[in-house]
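Hello,

Here is the structure I promised to pass on. Please open it and keep it beside you while you read.

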Amino acid sequence: MPKNRIMELEEMKSLWADLSQKVEQQEKIKKEQLMKMTKKNYMNKLGGIYLPEILGAVICFAYAGFFVFQIGNLEFPGNQALAIFNTVLMVLLPVLSLTGLYRLGTLDMSSGKPAEILEKFTKSRMYFWKVQRVAMLLSGLFAISILPPLAELLGKINLLSSRQFWMVYVPVGIILVYIFSWVTMKKYRKALANSEQVLRDLTT
Amino acid sequence: MNQEEEFVNLIHQHQGLIYKISSIYTDDWAEQQDLYQEIVFQTWKSFDRFKKASRPSTWLYRVGMNTAITHLNQKKRKVSVVPMDELRMDFQDESEPEKEDRIQQLYLQIRKLNLLDRGIIFLYLEGKSHEEIAEITGLSVSNVGTKMSRIKQKLKAELNA
C-alpha cells in the first residue's frame, strides 16, 4: 500500500518522466493484433448495444401494429381509448430511447476538444436521464393500461367494469410503479446532480 | 500505405500515450484494458477526419481524453472487452518498492481530481506548456492558468489536511 504522503507538482513531474520512460520501453501490442482487436470491438458494440435496442423497438412497433389492426375488434369505448393510448406509447417509448442513445453515440471524439466534449456529453447524458425518467413513468402507466384492451381481445372480458381490476390490479400496479420509480428516480436524481456539477466545474 | 496500415502505425507508435491516459482515468486493470481498447476503437472510428496537418500526438491526446471522459460515464452500457494477453499495463517495478509506492501515490492524487482537471494535470506532467494544454483541451490559456493554480491549491490543501 502506498504511504499517505502528498507530492508537490515538481516531484510528480519527475516521477511521471520516469514512468513515461518505463512505459515506452514496455513491449508493444503487435500490429496485426491491433486491427483484429479494433474490428472485434466494433462487432461487440454493434451486437451488445445497438442490436438489443433495435430489437426492442421492432417488437414494440410490431405490437403497435397489432393493436392498430385490433382496435376495430374492441367493443368497449374505454378499451378502445386505452388501446389507442398504448399504441402511441409503444411507438413513443422506443423512439425516445433510441433518440437518447443516438445522441450519446454520435458524439465525435475527434472533432471537439475535451472541454467541449465534456459539455456536450454531459448535456446529452442529462437529456438521456430525463428521457429515461419520462419513459419509466410512461412504462408504468403502460403496464396497467394495457390489461383491459388485451383482456377483451383475448377473452372478451370487460376488465374496466370488473371490481377485481380496480381493487387488485390497479392498486398493486400503482404500488409497484411507485416502488420502482422511487428507486430509479433516486438514481436518476444523483446522476443528474453529478452531471450538473460537471457543467459547473467547466465554467469555473 | 493504405488507411488500415496508417492507423496501425499511428497507434503502434503512440501506444505509451494511450496506456498513460487509460491509467490516469481508471484504477482497475480490467477497466484500463477496456478504456485502452475504447480509445483505439474511437481513433479508428474518426481516423477519416484525422488531419495530417495537426500533430498526431495532439490529435491522439484529444481523442484519448475525450474518450476517457465519456467512457467513464457509460459503464452501464459497457461491452465486454476483447481479451488481450498482449495488452499489458503493468508498470510495476518490484526492484524499486519505494519508487513504486510513490507512483501509486501519484496516481492516487491524480485520480482524486475531477475529469477535466485530471486531463490538465496529465498534460502538465507530460511536459506541455499552458498554450499546448489550452490547444488540446479547448480551454483558454488564462483558464488553464487558473485551473493549474486551483489544482496546486487542492494538492496543498490535502498536504495540510
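This is a predicted model: local features need pLDDT of at least 70, side-chain atom pairs count only at pLDDT 80 or more; totals for chains, interfaces and linings use all residues.

**Overall make-up.** Chain B has 8 helices and 0 strands. Read from the N terminus, its elements run α-α-α-α-α-α-α-α. The chain has 161 residues, and 40% of them count as buried. Now take the contacts in chain B with a separation of 6 or more: 63% of these join residues 24 or more positions apart.

**The core.** In soluble globular proteins, nonpolar side chains tend to be buried together. Here the largest nonpolar core holds 48 residues. Which residues have the most contacts inside it? They are Ile21(B), Val40(B) and Ile120(B). Helix 6 of chain B gives the largest share of this core, with 8 residues. Leaving out residues up to four places away in sequence, Ile21(B) touches Ile39(B), Gly64(B), Met65(B) and Ala68(B).

**Helices 6 and 7.** Helix 6 of chain B covers residues 115-125, and helix 7 of chain B covers residues 130-137. They pack at an angle of about 135°, with axes 10 Å apart. Because of that angle, helix 6 of chain B is oblique to helix 7 of chain B. The crossing is right-handed. Helix 6 of chain B makes the contact through Gly119(B), Ile120(B), Leu123(B) and Tyr124(B). Helix 7 of chain B brings Ile133(B), Ile136(B) and Thr137(B). By class, this contact has 5 nonpolar, 2 polar and no charged residues. Find Ile120(B) again: this residue is in the helix contact and is also one of those with the most contacts inside the core.

Best wishes

Notes
Residues are numbered from 1 along each chain as its sequence is written. Chains are lettered from A and ligands numbered from 1 in the order in which they are written. Axes are lines fitted to C-alpha atoms, for helices over the stretch in contact, and angles run from 0 to 180 degrees between N-to-C directions. Helices (H or I, at least four residues) and strands (E, at least two) are DSSP runs, numbered from the N terminus. Angles under 35 degrees count as roughly parallel, over 145 as roughly antiparallel, 65 to 115 as roughly perpendicular and the rest as oblique. A crossing is left-handed if the near helix is turned anticlockwise from the far one by less than a right angle, and right-handed if clockwise. Two residues are in contact if their C-beta atoms, placed from the backbone, lie within 7 Å. Ala, Val, Leu, Ile, Met, Phe, Trp, Tyr, Cys and Pro count as nonpolar, Asp, Glu, Lys and Arg as charged, and the others, Gly among them, as polar. A residue is buried if 20 or more other C-beta atoms lie within 10 Å of its own, exposed if 12 or fewer, and partly exposed in between; C-beta atoms are placed from the backbone. A nonpolar core is a set of buried Ala, Val, Leu, Ile, Met, Phe, Trp, Tyr and Cys residues joined through C-beta atoms within 7 Å.
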